[in-house]
Amino acid sequence: MEPTTDLATCLLCGAGASPALNLPRFAGAACQGCAQRVGHLLVQDPTQLTDIWPLLADDVDDEPEPTVQRADGKTVELRQVIAEMKRELTVEDRMKLAEMYGEIGLIREQLEECGRVLVAAPAAGLAQRALDVLFSEELCSPRGIEELRGRMFPA
C-alpha cells in the first residue's frame, strides 16, 4: 500500500497525519512520528510487545550461539558479525532484509528489522512498507492498535 498525501487522523496519537501511513486493517492511518515511535519500541525491547506481536516471544534456545573466526584469528559469535554487516546497510536494504526474513520464516527477525526501518525511514514509502508487515493480519493481534496506543500514550 502507498502512503497518502490526504490529511488523516493518526489512530495512535490523534493528530493530523500528512503524509498518512495507511493501516487498512484498522481502517485508519498513522503519522510518521508515531510510526517512528513504534520502531523505537520494537528496537528497545521487543519482548515487551508480545501482546501486540505474539511472534516476538522469546524462543527458548538451548543451542550455543554459532561462532566464526575472523581474518585476524579472533573467534566471535556469528550474531556479532551479522550486526556489524547490518550497520552498513541502507534503510532500503534493511527493508528488503525484513521482507526476506518473512519469506524464509524468521518472523521475529522480520518484526525487529521493521522496527529498525521505522526508526531510520527517511521516506514515507519505506515506513509504509514496514507498517504493512507489522500490522498485517498474520502478525499483529486484533487489538494491536489499542494495546500500542496504551504503551505509547499511557493515561
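Modeller: From the N terminus on, the elements of the chain run β-β-β-β-α-β-β-α-α-α-α-α, which comes to six helices and six strands. Helices (H or I, at least four residues) and strands (E, at least two) are DSSP runs, numbered from the N terminus. The model is predicted: local features need pLDDT of at least 70, side-chain atom pairs count only at pLDDT 80 or more, and totals for chains, interfaces and linings use all residues. Residues are numbered from 1 along each chain as its sequence is written, and side-chain values use heavy atoms, with hydrogens and water left out.

The part I have taken is α4, residues 107-120. In the chain, confidence is highest in α4, at a mean pLDDT of 96, and lowest in α2, at 82; pLDDT is the predictor's confidence in each residue, from 0 to 100. For the chain the mean is 90, and 95% of the residues reach 70 or more.

Its length comes before its cover. The expected span of a helix is 1.5 Å times one less than its number of residues. The 14 residues of α4 should therefore span 20 Å, and the end C-alpha atoms are 20 Å apart, which agrees.

Cover is judged by relative accessible area: buried means under 20%, exposed over 50%, and partly exposed in between, with a 1.4 Å probe and protein chains only. By that rule α4 is mostly covered, with 10 of its 14 residues buried. These are Ile-107, Arg-108, Gln-110, Leu-111, Glu-112, Glu-113, Cys-114, Gly-115, Val-117 and Leu-118. The cover over them includes α1, α2 (78-86), α3 and α5. Of the 155 residues of the chain, 37% count as buried.

The cover from α3 can be followed through Arg-94. This residue lies in α3, residues 91-103. Arg-94 counts as buried because its relative accessibility is 14%. A contact means heavy atoms within 4.5 Å. Leaving aside neighbours within four places in sequence, Arg-94 is in contact with Glu-113, Arg-116 and Val-117, and also with Lys-86, Arg-87 and Leu-89.

The nonpolar packing can be followed through Leu-134. A nonpolar core is a set of buried Ala, Val, Leu, Ile, Met, Phe, Trp, Tyr and Cys residues joined through side-chain atoms within 4.5 Å. Of the 40 residues in the largest such core, Val-38, Trp-53, Leu-134 and Phe-135 touch the most other members. The elements that give two or more residues to this core are β3 (21-23), β4 (28-30), α1 (32-44), α3, α4, α5 (124-134) and α6 (144-152). α5 gives the most, with seven residues. Not counting residues up to four places away in sequence, Leu-134 touches Leu-111, Cys-114 and Leu-118, together with Val-38, Leu-42, Trp-53, Leu-139 and Cys-140. In soluble globular proteins, nonpolar side chains tend to be buried together.

A disulfide is a pair of cysteine sulfur atoms within 2.5 Å, and a search of the whole structure finds zero of them. Cys-13 is in no disulfide, and the nearest cysteine sulfur, that of Cys-34, is 3.7 Å away. The sulfur of Cys-31 is 3.6 Å from its closest cysteine sulfur, also in Cys-34, which is too far for a bond. Cys-31 counts as buried at 13% relative accessibility, whereas Cys-13 is partly exposed at 31%.

A cis peptide bond joins Ser-18 and Pro-19, with omega about 5°; Pro-19 is in the loop between β2 (16-17) and β3. Ala-27 has a positive phi of about 50° although it is not a glycine. Ala-27 lies in the loop between β3 and β4 and is exposed, with a relative accessible area of 71%. Most residues other than glycine have a negative phi, and most peptide bonds are trans.

As for the whole chain, its C-alpha atoms fill a box of roughly 55 × 30 × 30 Å, taken along the principal axes. Residues 24 or more positions apart account for 50% of the contacts with a separation of 6 or more.
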